[in-house]
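Please open the structure in your viewer and keep the selection tool at hand. The tour goes from the ligand to the sheet, and then to a helix beside it.

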Amino acid sequence: MISKIGIIGAGTMGCGIAQIASQNGHEVVVVDKETLQLEKAKAGLDKILSRLCEKERITSEDKIAILNRIRFTSELKQLSDSDLVIEAIVENIGIKHEVFKAVESLVSESCILASNTSSLSIASIGSALNKANRCIGIHFFNPAPLMPLVEIIPAVQTDEETLNSAVELIKNWKKTVVTCKDTPGFIVNRVARPFYGEALRIYEEGIADFATIDWALTELGGFKMGPFTLMDYIGNDVNYAVTESVFKAFYYDSRFKPSFTQKRYAEAGFLGRKSGRGYYNYKEPKSNKEANKDRVLGNYILDRVRCMLINEAIDAVFMNVGSPVDIDLAMTKGVNYPKGLLTWVDELGHKEILDQLQHLFDYYGEDRYRPNPLLRRMVANKTKFFPH
Ligand code: NAI
């Protein structure tokens, strides 16, 4: 049974995961090499819990108990009696290897060693261990206490027992768990790429401006945020880095090709909300253009981005990255899509989506628009992902 939980990294993700674990009654030890960061994390958590008290989500006794169950320290050795350690430090494979090696030398044989990495391979992280069968990816979304989805990623070395224990624990924390193959971007960060990439491409071709593309996807498509608003929210530097890492990891498949526009915006320091300017100007909102609400143009934009997203979701099924149910859950619970992409293609008609993709492929002659073979097969066989 998993009782004591260790977290390495007291940053955005480590703090959020520590909060969830403590709220679920676990004793938690949070380790960070920076004492200042530990102080910040403690104060930040106190503030978050006070807000939950004000909103009457928890009582002040709960708050005290949650804080008392968490120990903040800079000493890695305080993790020695953990049943599970979740690493949430800097996204650097060399540093992760060092930390995993050091932790393994401190903990028991049965302790599960997990990483919250967004982009690195779990197999590679596990390769630093003597007992790699206990290594697993447990990928939370930001902000971890609020986002319902957790991707669980067994590596090729991971044993069944480790996988089952991780799934059981995270389900007990009332999270939506999806299991996925140890492939770049796992489910969400892979399938979501065209939301940004195709929107940027439409802009680069001069078909529409940022506001119009955002309007088409929110008003006509039902997405909570348009791609440019979302990239500004995530940060162009961060979003570009994820795209570039997925592109490289897929051996430069043109489906994931990063955009020069985004690169230039990041280079110019137009990072988004955090820098006051991204695709939109947050210091002088009045200077931002109004959307062109032409429905024909809007529907063209929506169809183009959506068929690329659907093609990516179908590829994830085709390549056994996850089950159709998990892929739809991942996109609705991890990035709040209005509908699972596979449910959407069932509703819109597989033939319709194949025609849209085939048209783009014929027109541009570019590999990035190639329709997935599973989509072709489903059209030929007249099958659906969710026939009932
Ligand atoms: P962050 O930069 O907010 O925090 C990282 C913390 O790790 C810092 O406090 C740093 O002092 C500490 N640290 C670095 N090296 C260390 C070491 N050797 N020993 C102990 N502590 C060390 O980073 P963030 O955003 O929390 O990301 C952490 C991990 O979670 C990364 O692997 C990232 O890819 C992943 N992730 C991030 C998400 C996000 O939206 N920020 C979402 C999902 C996963």
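Begin by selecting the ligand together with the 24 residues around it, among which G9, G11, T12, M13 and N142 come nearest; a residue counts as near a molecule or strand if its C-beta atom, placed from the backbone, lies within 6 Å of it. Two elements give two or more residues to this shell, α1 (12-23) and α4 (93-104), and α1 provides the largest share, three residues. Helices (H or I, at least four residues) and strands (E, at least two) are DSSP runs, numbered from the N terminus.

This is a predicted model, in which local features need pLDDT of at least 70 and side-chain atom pairs count only at pLDDT 80 or more, while totals for chains, interfaces and linings use all residues. Residues are numbered from 1 along each chain as its sequence is written.

Next, select the strands of the open sheet, eight of them with mixed pairing, in the order β3-β2-β1-β4-β5-β6-β7-β8, where two strands pair if DSSP finds at least two bridges between them. Because β3 (70-73) and β8 (176-179) stand at the edges with a single partner strand each, one side of each is left without a neighbour in the sheet. From one strand to the next, the twist averages 25°.

Now select β2 (residues 27-31) with β3: the two run parallel and are joined by four bridges, and V31 stands opposite T73 in β3.

Finally, select helix α14 (residues 324-334), which packs on the sheet and touches β7 (149-154) and β8, contact meaning that the C-beta atoms of two residues, placed from the backbone, lie within 7 Å. The direction of α14 makes about 135° with that of β8, where axes are lines fitted to C-alpha atoms, for helices over the stretch in contact, and angles run from 0 to 180 degrees between N-to-C directions.
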